[in-house]
Amino acid sequence: MFRKSQGRHEIQYEPDEKCPPLLSISAALQIFIPNTIGLVMLAALVVRASGESEAYLSWVTFTALAVTGASMILQAIRLRHWGSGRLIVANFNVPFLAICALALHVGGPGMLASLVVVSTLIQSALTLRLATLRRIFTQTVSGVVVMLVAVSAVPFIISRAVIPPEGQSVVVFLAPGMAALAAGVLMSLQDAQVWRMWILPITVAVGLVVAVPLGFYDTGAITDAPWLRLPDYGWPGLDLTLSADFWTLLPVFVFVHLTAFMKAVGDLSVIYRASYRSQTAVDFRTVQGGLNVYGVGTLLSGLLGTLPVAAPWATTVVYYGFTGVAAKSVGIFLGALTILVASFSKLLAVLVAIPSPVVSAVYIIIFGMLFVEGAKTVFTGQVDQKKATITGVSMVLGLSAGILSGFFEGITSHVVGNSIVVGGMAAIVMTVFTELSGIRARKLRVDLSQSSLPAVDDFLCQFADGHNWTEEGRDRLRLVGEEVMLSLFNEETDGPVEQKRRLVATIRPDGGSAELEIVVASDDAIQGNIENRMAYLGHDQAMEDEQQLSVRILRHYASSVHHRKYYGVDIISCRVDK
């Protein structure tokens, strides 16, 4: 949407703003504690469910922390096409939870490594074609996947981690977690901004106050742990025998990787929108940069023989809300702390000793907030029948995955039992069907130049006349098309005179409206963003009178305008009512 939204007053520092070092470190520490515990816990659950040794678990813990920390630093730095240039909290690649345990059980670390490496190549190809896939990985699909992650991750953690010791009262065992949850929720319900950044630390502290007297905080494990320790498990290497089990699991890994890629696109988009005080159009070049780091992190995980980690988590948005800081400097400190703790086993033992009910209480609060962010992503703007159907059916199927898996056996049951895979793929299938079943769009290919204006105008007139538009509606459509072209001319930087930029205009009817899409091969020569110009109309003093006139006309005559920027491609989508 192009209308300016209410500012996000909780964001004190945006990604490129200089944040005081002490505040950056404080924010990084608040994220570091629950994120590190979650990463170590999920890795341990997968390895122990597969029956692998404790020695392999130590290797996975060390390498997973190192790779994840490095990825968060790279995300913050942004080197050319690598990184997103903002704080991105990374963790375990959630869609892979069950299938990695199965691969380890069947073929061991070597086969898991080979499966991760080969399937990552698919993700690399998808990143390059992100602009082409824009009508599949829509805002609705992204929001659905984020909501499914929120409602499926916590039950997985609680069911496998919160296990009372034999003979222990369940009520007593859960008491620290219930106290922590109550404290966190009560603080979250307060309007006082000053308390918001202390919600997570106080939640953990209240849980420990109850857990320590009950004997649930294992200080013995902390005392016995050495200060520094490297894993004594050797590199497992790649299993290149390509056995029958490998070929059986490979299609499943590719399928899950597609879901994980879809989740990463949604997570990075949600994070981008939330990292600014005011509504801002997503710059998909940063999404592509983030996906490149994600792909390298996953590939490195495979080569090291560890579990797929370094995946961006949309829970980053929740941390923004708690700390009020979205500065990329926090990502650098967070990454450094995560790498540091990989070899400091004493510090890691302090974190791991926190009782699982307390950790689960923290994640209930975090993922509860995440669900709301996913819902905001889906229901931004107009909610039509198509969007409602895709969202509702996908969510119900995803939440029913556990029951559906009971009708299948073997590997199929693991895939069908994955809420994110089932719900996410349902959303994709319905989105693709919507695209294919729609009326075929008309296309026009011309050069991006003043001389092409008559051709674009004639193209729009033919569409309006062919669909019996009124003269008023036709003039409105023509004005929108002309002003988009003029805005592109104004935003384009000077380049070689002989360089010609191609433009593809596409238009299709949608009920009582038309969807006009203009795709320009920009080579990053188009610097500005029309959607942002419209959002800040009247507030941007640097905008020239000619630019203001164009965006004012667009805001008046188009019901919505979106400008998506990819590397080498600009895509402007307008909706004009008949």
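## A charge over a ring

Let's start with a single side chain: Lys346 lies over the face of Trp227, 5.2 Å from the ring centre. A charge is taken to sit over a ring if NZ of Lys or CZ of Arg is within 6 Å of the ring centre and within 35 degrees of the ring normal.

## About the model

This is a predicted model, where local features need pLDDT of at least 70, side-chain atom pairs count only at pLDDT 80 or more, and totals for chains, interfaces and linings use all residues. Residues are numbered from 1 along each chain as its sequence is written, and side-chain values use heavy atoms, with hydrogens and water left out.

The protein holds 22 helices and 7 strands; helices (H or I, at least four residues) and strands (E, at least two) are DSSP runs, numbered from the N terminus. Of its 578 residues, 55% count as buried. Buried means under 20% relative accessible area, exposed over 50%, and partly exposed in between (1.4 Å probe, protein chains only). Among contacts in the protein with a separation of 6 or more, 81% come from residues 24 or more positions apart, a contact being heavy atoms within 4.5 Å.

## Helix α9

Helix α9 covers residues 244-274, 31 residues in all, and spans 45 Å from its first C-alpha to its last, close to the 45 Å expected at 1.5 Å a residue. The expected span is 1.5 Å times one less than the number of residues. Where does α9 kink? The kink, about 30°, lies at Leu250, shortly before the proline Pro251; the bend at a residue is the angle between axes fitted to the seven residues ending there and the seven starting there.

## Aromatic pairs

Rings of Phe, Tyr and Trp (its six-membered ring) pair if their centres lie within 6.5 Å; planes under 30 degrees apart count as stacked, over 60 as edge-to-face and the rest as tilted. By this rule there are 8 aromatic pairs. One of them is tilted: Phe96 and Phe253, 5.8 Å centre to centre with 45° between the planes. Because Phe96 lies in the loop between β1 (90-91) and α3 (97-128) and Phe253 in helix α9, this pair ties together parts that are 157 residues apart in sequence. Phe96 and Phe253 are both buried.

Phe173 and Phe216 make an edge-to-face pair, because their ring centres are 5.6 Å apart and their planes stand at 80°. Phe173 and Phe216 are buried too. Elsewhere, Trp313, Tyr363 and Phe367 form one aromatic cluster.

Strands pair if DSSP finds at least two bridges between them. Strand β7 (residues 569-577) runs antiparallel to β5 (residues 513-521), joined by 9 bridges, and Leu516 stands opposite Cys574 in β7. Strand β6 (residues 560-566) also pairs with β7 in the antiparallel sense, over 7 bridges, and here His563 stands opposite Ile572 in β7. The hairpin of β6 and β7 has 2 residues between the strands, and Gly568 takes a positive phi near 85° in this hairpin.

Why is β7 described as largely enclosed by the rest of the structure? Because 7 of its 9 residues are buried. Strand β6 has 5 of its 7 residues buried, so β6 is largely enclosed as well.
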